[in-house]
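My notes follow the order in which I checked things.

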Amino acid sequence: NTNKRLRVLIAKIGLDGHDVGARVVARGLLDAGMEVIYTGLRRRPEQVARAAIEEDVDWIGVSILSGAHEVLLPRLRILLDEQGASDIRIMAGGVIPQEDIPALEAAGVSQVFLSGAPISEIVDYLIRESADA
């Protein structure tokens, strides 16, 4: 349904306290006409999964700089799946080494944007992927 506005939860999982990137992405998605919910800093995967389900989002965008992405992102996917929310898709961005991306994709992360990816690339990806859903 192309008339439905995309709902995206932007989340900071783990202990890193820097949210400039997350805020820039959130602003860009809002400017593109999407509905954006921002969780704030230092959330646990359980909190993010619960918020995503309560807010009935299409996507979770996780900004992660702490290096714990290999644990936290698969955990989030498992929590969503266990709670019947396997339709909620996950994208991630931040400081994630290129060589870690295949394992994250295998664990159910739909897309990883490397640090510095233009907002337009993220917006275009979400629109394209959501149209195919």
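Entry 1, the fold. I noted that the model is predicted. I counted five helices and five strands in the protein chain. Reading from the N terminus, I found the order β-α-β-α-β-α-β-α-β-α.

I looked up the radius of gyration and got 13 Å for the protein chain; a compact globule of 133 residues would have one near 14 Å, so the value agrees with a compact globule. Along the principal axes, I read a C-alpha span of about 35 × 35 × 25 Å.

I have the accessible surface at about 6,800 Å², with 51% belonging to carbon and sulfur atoms. The chain has 14 positive and 20 negative charges, and I found their mean positions 7 Å apart.

I located α3 at residues 69–82, which makes 14 residues. Its first and last C-alpha lie 20 Å apart, close to the 20 Å expected at 1.5 Å a residue.

Which residues of α3 are buried? I listed His69, Leu72, Leu73, Pro74, Leu76, Arg77, Leu79 and Leu80. What covers these buried residues includes α2 (45–55), β3 (59–64), β4 (89–94) and α4 (101–106). After α3 I noted glycine 84, with a positive phi near 75°.

How values were computed:
Residues numbered from 1 in each chain as written. Predicted model: local features only at pLDDT ≥ 70, side-chain atom pairs only at ≥ 80, totals over all residues. Heavy atoms only, no water. Helix = DSSP H or I, 4+ residues; strand = E, 2+ residues; numbered from the N terminus. Rg over C-alpha atoms; globule rule 2.2 N^0.38 Å. Areas by Shrake-Rupley, 256 points an atom, 1.4 Å probe, with all protein chains shown as cover. Lys, Arg positive; Asp, Glu negative; His and termini not counted. Charge placed at Lys NZ, Arg CZ, Asp CG, Glu CD. Expected span 1.5 Å × (residues − 1). Buried < 20%, exposed > 50% of the residue type's maximum accessible area, 1.4 Å probe, protein only. Contact = heavy atoms within 4.5 Å.
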